[in-house]
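This report describes a protein chain through its contacts, helices, aromatic pairs and pocket. The sequence and structure are shown first.

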Amino acid sequence: GQGVKQDYNKAKQYYERATELGDSKAMVNLGFLYANGQGFKQDYNKAKQYYERAIELGDSKAMFSLGALYANGRGVKQDYNKAKEYYERAAELGNSNAMFSLGLIYENGQGVKQDYNKAKQYYERAIELGDSDSMVNLGFLYINGQGVKQDYNKAKEYFERAIELGDSNAIFNLGLLYTNGQGVKQDYNKAKEYYERAIELG
């Protein structure tokens with residue numbers, strides 16, 4: 001959709017041709033179009049098939065995407081163990097989304113024993129790759145003292161790093177720190193500024 005009118009049918013035709021030539025990125029993109037019902041009827045089963053084909057070619061994005069289908073029970077029976085398995089494979093290949101998702105699984109104890117320390121480790125790995133969602137979640141671990149010593153200053157640092165990447169959740173959370181005077185001097189005006197910025201970014 002950059003400089004051209006968005007045309008899902010054209011995209012689908014292009015991806016199908018590329019898929020026939022064994023292009024794993026095209027397979028993932030087709031899977032994504034089917035999973036989101038963009039341009040045609042939503043079909044998680046078809047999405048799953050395309051992801052599986054791309055996984056055979058070692059595509060980490062496909063591994064992450066199939067893991068997400070299992071984590072959310074979309075087109076498959078919800079299965080956190082299977083999700084974890086695919087996320088781990090993708091994380092081994094350096095996929096930061098998978099690392100973030102593994103952090104979430106451990107933070108929330110989904111299909112695994114809740115383990116804040118493991119969550120922290122996955123978030124830190126994803127942060128090394130610039131993942132702002134992991135910065136936000138690790139900030140919360142520091143606010144709540146989960147798997148780490150409670151440290152509002154560290155939380156603030158992670159939120160600020162995520163803000164540099166344009167993360168609206170981080171902006172809102174920094175506003176909360178100013179509202180509550182956690183790690184910063186309580187400042188309702190500053191908090192209000194952050195809330196307004198977060199709303200602007202959506």
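**Contacts of Thr179**

Leaving aside residues up to four places away in sequence, Thr179 touches Gln186, Tyr188, Ala191 and Tyr195, where contact means heavy atoms within 4.5 Å. Thr179 lies in helix α10.

**Basis of the model**

The model is predicted: local features need pLDDT of at least 70, side-chain atom pairs count only at pLDDT 80 or more, and totals for chains, interfaces and linings use all residues. Residues are numbered from 1 along each chain as its sequence is written, and side-chain values use heavy atoms, with hydrogens and water left out.

**Overall architecture**

The chain contains 11 helices and zero strands. Helices (H or I, at least four residues) and strands (E, at least two) are DSSP runs, numbered from the N terminus. The C-alpha trace spans about 60 × 45 × 25 Å along its principal axes.

Of the 202 residues in the chain, 44% are buried; buried means under 20% relative accessible area, exposed over 50%, and partly exposed in between, with a 1.4 Å probe and protein chains only. Among contacts with a separation of 6 or more, 37% join residues 24 or more positions apart.

Rings of Phe, Tyr and Trp (its six-membered ring) pair if their centres lie within 6.5 Å; planes under 30 degrees apart count as stacked, over 60 as edge-to-face and the rest as tilted. By this rule there are 10 aromatic pairs. The pair of Phe172 and Tyr195 is tilted, because the ring planes stand at 40 degrees, with the centres 5.1 Å apart. This pair links distant parts of the chain, 23 residues apart: Phe172 belongs to helix α10 (residues 168-180) and Tyr195 to helix α11 (residues 188-201). Phe172 has 39% relative accessibility and therefore counts as partly exposed.

Helix α11 also holds Lys190, which is partly exposed, with a relative accessible area of 33%. Lys190 and Glu157 are 33 residues apart in sequence, and their C-alpha atoms are 16 Å apart in space.

**Helix α2 and its packing**

Helix α2 has 13 residues and reaches 18 Å from its first C-alpha to its last, close to the 18 Å expected at 1.5 Å a residue. The expected span is 1.5 Å times one less than the number of residues. Its buried residues are Ser24, Ala26, Met27, Val28, Leu30, Gly31, Leu33, Tyr34 and Ala35. These buried residues pack against α1 (8-20), α3 and α4.

**The largest pocket**

On a 1 Å grid over the protein atoms alone, a pocket is an open set of points where a 1.4 Å probe fits, with protein on both sides within 12 Å along at least five of seven lines; lining residues have an atom within 4 Å of a point. The largest pocket has a volume of about 300 Å³, taken as the space filled by probe spheres set on the points. It is lined by 15 residues, of which Phe32, Asn36, Tyr51, Phe64 and Ser65 are the closest to its centre.

Helices α2 (24-36), α3 (44-56) and α4 (60-72) each supply at least two lining residues. The largest share, six residues, comes from α4. By class, the lining has eight nonpolar, five polar and two charged residues; Ala, Val, Leu, Ile, Met, Phe, Trp, Tyr, Cys and Pro count as nonpolar, Asp, Glu, Lys and Arg as charged, and the others, Gly among them, as polar.
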